[in-house]
Amino acid sequence: RIIGANTDNRFLIASMVHDVLCENHCYIDYNRKLSSEIFNALLEASGVNPFKRWLMKNSVDNYQKLCNWKGR
């Protein structure tokens, strides 16, 4: 509820690109931080406000850490 609906059009492209990068680590040379920065940049380009971007970026980055994607 803090962020909004997961079907919000402002989130869709960023989410899809990030999912592809997470499933294909080799696309970005196994760089977890880069995948999070790309996600954040796409959210910004979609007009997502800074607080929601920060919350979403850090949430996905921490989830990736829990999934043991060490990255750089």
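Helix α3 contains 17 residues and spans 24 Å from its first C-alpha to its last, close to the 24 Å expected at 1.5 Å a residue. The model described here is a predicted one.

The buried residues in α3 are K52, R53, M56, D61 and Q64. They lie on the same side of α3, because they cover an arc of only 150° around the axis. These buried residues pack against α1 (9-23) and α2 (32-45). On the other side of α3, W54 and L66 are exposed.

**The aromatic pair.** A search of the whole structure finds one aromatic pair. Its members are F51 and W54, and the pair is stacked. A pair of aromatic rings is described by the distance of the centres and the angle of the planes. The table gives both values.

| Property of the F51 and W54 pair | Value |
|---|---|
| Distance, centre to centre | 6.4 Å |
| Angle between the planes | 25° |

Both residues belong to α3 (residues 50-66), where F51 and W54 stand three residues apart, about one turn of the helix. Is F51 buried, exposed or partly exposed? F51 has a relative accessible area of 49%, and exposed requires over 50% while buried requires under 20%, so F51 counts as partly exposed.

**The ends of the helix.** At the start of α3, the backbone nitrogen of F51 has a side-chain oxygen of N49 within 3.0 Å. After α3 comes N68, which has a positive phi, near 70°.

Definitions and conventions: Residues are numbered from 1 along each chain as its sequence is written. This is a predicted model: local features need pLDDT of at least 70, side-chain atom pairs count only at pLDDT 80 or more; totals for chains, interfaces and linings use all residues. Side-chain values use heavy atoms; hydrogens and water are left out. Rings of Phe, Tyr and Trp (its six-membered ring) pair if their centres lie within 6.5 Å; planes under 30 degrees apart count as stacked, over 60 as edge-to-face and the rest as tilted. Helices (H or I, at least four residues) and strands (E, at least two) are DSSP runs, numbered from the N terminus. Buried means under 20% relative accessible area, exposed over 50%, partly exposed in between (1.4 Å probe, protein chains only). The expected span of a helix is 1.5 Å times one less than its number of residues. The arc is that of the directions from the helix axis to the C-beta atoms. Contact means heavy atoms within 4.5 Å. A polar contact is a pair of N or O atoms within 3.5 Å; within protein, one must be able to donate a hydrogen and the other to accept it, and residues adjacent in sequence count only if both atoms are side-chain atoms.
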